[in-house]
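Visitor: I'm new to this one. Can you put it up and walk me through it?

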Amino acid sequence: MQTESEVPQLKILVFSDSHRSLIGMYRAIDQHKPHQVIHLGDLEQDIEEVAEHYPQLPFCTVPGNCDGWTTAPLKKQITLDGVSILLSHGHLWGVKGGYSRAIADARACVADILLFGHTHQALCQRLEDGLWMMNPGPSRSSYGLILLEEGSVSCAIHPQD
């Protein structure tokens, strides 16, 4: 029989809109010791610099509207621990004007979690159909934490200290 501390749990930290504010990302990684880090753009060079300090940690990134010309995909769908995650910076979906396009895309992809940034407004909610929607806000003020445990998903926004 497994005790609570032995139950496998996957921790994912989510950052966006870092705009050269790195200290909070370092602090969150050191505090939570995640299994995966996701960065949703603006600025990709920030997360590349952070990733150099944690070579054992996997990082998944998408560029934002301030990342300039790039051949990197502006949208990705990944699967972690059987959970489908759709991520993009958010400008492609026009999230500053509403979330309907982003939600429609996530549903079309049969995603369990929709991640985006761009608005600089933290948001975390579970929709009626079970889709989790998260914008971690700008990394200088907040970040997202996703916990995947035995098929269940929980998402939360954490303020930077």
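Guide: Here is a short tour, from the overall fold to a few backbone details.

Guide: This is a predicted model, where local features need pLDDT of at least 70, side-chain atom pairs count only at pLDDT 80 or more, and totals for chains, interfaces and linings use all residues. Residues are numbered from 1 along each chain as its sequence is written, and side-chain values use heavy atoms, with hydrogens and water left out.

Visitor: How many helices and strands does the protein chain have?
Guide: Three helices and ten strands. Helices (H or I, at least four residues) and strands (E, at least two) are DSSP runs, numbered from the N terminus.

Visitor: What pattern do they follow along the sequence?
Guide: The order is β-α-β-α-β-β-β-α-β-β-β-β-β.

Visitor: What about the radius of gyration?
Guide: The protein chain has 15 Å. That agrees with a compact globule of 161 residues, which would be near 15 Å. The radius is taken over C-alpha atoms, and the globule rule is 2.2 Å times the number of residues to the power 0.38.

Visitor: And what box do the C-alpha atoms fill?
Guide: Roughly 50 × 35 × 30 Å, along the principal axes.

Visitor: How much of the chain counts as buried?
Guide: 50% of the 161 residues. Buried means under 20% relative accessible area, exposed over 50%, and partly exposed in between (1.4 Å probe, protein chains only).

Visitor: Which share of contacts comes from residues 24 or more positions apart?
Guide: 49% of the contacts with a separation of 6 or more. A contact means heavy atoms within 4.5 Å.

Visitor: Switching to charges. How many side chains are positive and negative?
Guide: There are 11 positive and 19 negative. Lys and Arg count as positive, Asp and Glu as negative; His and the chain ends are not counted. The centres of the two sets lie 6 Å apart, with each charge placed at NZ of Lys, CZ of Arg, CG of Asp or CD of Glu.

Visitor: Now the backbone. What's the general rule?
Guide: Most residues other than glycine have a negative phi, and most peptide bonds are trans.

Visitor: Which residues does a cis peptide bond join?
Guide: Asp42 and Leu43, with omega about 15 degrees. Leu43 sits in the loop between β2 (36–39) and α2 (44–52).

Visitor: What is phi of His19?
Guide: Near 40 degrees, a positive value in a non-glycine residue. His19 is in the loop between β1 (10–15) and α1 (23–32). Its relative accessible area is 31%, so His19 is partly exposed.

Visitor: And where is His120?
Guide: In the loop between β6 (113–115) and β7 (123–126). His120 has a positive phi of about 65 degrees. His120 counts as partly exposed, at 29% relative accessibility.
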